Amino acid sequence: MKVETIPDNCPRYKRNDTVMVISGKHKGKTGKVMRLLKDKNRIVIEKINMMKRHTKPTQTEPQGGIIEKEAPLHVSKVLPVSSKTGKPMRFAKWLRENPRSAEGEAKVAGTAKKKASKKATAGKGGPK
């Protein structure tokens, strides 16, 4: 039996991040992230990939009819948009420009934050 491993790309994005679609029929359109479907590696973007759903009248929707809503896209089809230039960027470059936390910025830049060791703080004069 073949076991598929799903790349964990979805946590890269968060709600309200601006992204641009880079392939498919919505190529070139930008929008805000509304929802993340982490288990399926899909992302729902505001006003992009709209689909029509025919619904029967129910108690919650007494009118019924045709409802338009956003359908999810695969994460590989989108790139984050730079707030400075308005152009799509690769994720690592975008994260350097818009760090979510100091830890994330250091991780992406490749410089790990070093903790002061006990030996360095105890012996200020250095080794003798």
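1. Which residue in β2 is the bridge partner of Thr18? In this predicted model, the partner is Lys32. The bridge belongs to the pairing of strand β1 (residues 18-21) with strand β2 (residues 30-37). That pairing is antiparallel and spans three bridges.

2. On to β3. Strand β3 covers residues 42-45 and pairs with β2 over four bridges, again in the antiparallel sense. Leu37 has Arg42 of β3 as its bridge partner. Arg35 stands opposite Val44, also in β3.

3. The connection deserves a look. β2 and β3 make a hairpin, with four residues between the strands. Asn41 sits in the turn and has a positive phi of about 55°.

4. Five strands form an open sheet, ordered β6-β3-β2-β1-β7, with antiparallel pairing. The edges are β6 (73-74) and β7 (78-80). Each edge strand has a single partner, so one side of each lacks a neighbour in the sheet. As a rule, strands of a sheet pair through backbone hydrogen bonds, either parallel or antiparallel.

5. Is Met20 buried or exposed? Met20 lies in strand β1. Its relative accessible area is 16%. Buried means under 20%, so Met20 counts as buried.

6. What does Met20 touch, leaving out residues up to four places away in sequence? The contacts are Gly28, Lys29, Thr30, Lys77, Val78, Leu79, Val81 and Pro88. One of them, Thr30, is 10 residues from Met20 in sequence. In space, the C-alpha atoms of Met20 and Thr30 are 4.3 Å apart.

Conventions. Residues are numbered from 1 along each chain as its sequence is written. This is a predicted model: local features need pLDDT of at least 70, side-chain atom pairs count only at pLDDT 80 or more; totals for chains, interfaces and linings use all residues. Side-chain values use heavy atoms; hydrogens and water are left out. Two strands pair if DSSP finds at least two bridges between them. Helices (H or I, at least four residues) and strands (E, at least two) are DSSP runs, numbered from the N terminus. Buried means under 20% relative accessible area, exposed over 50%, partly exposed in between (1.4 Å probe, protein chains only). Contact means heavy atoms within 4.5 Å.
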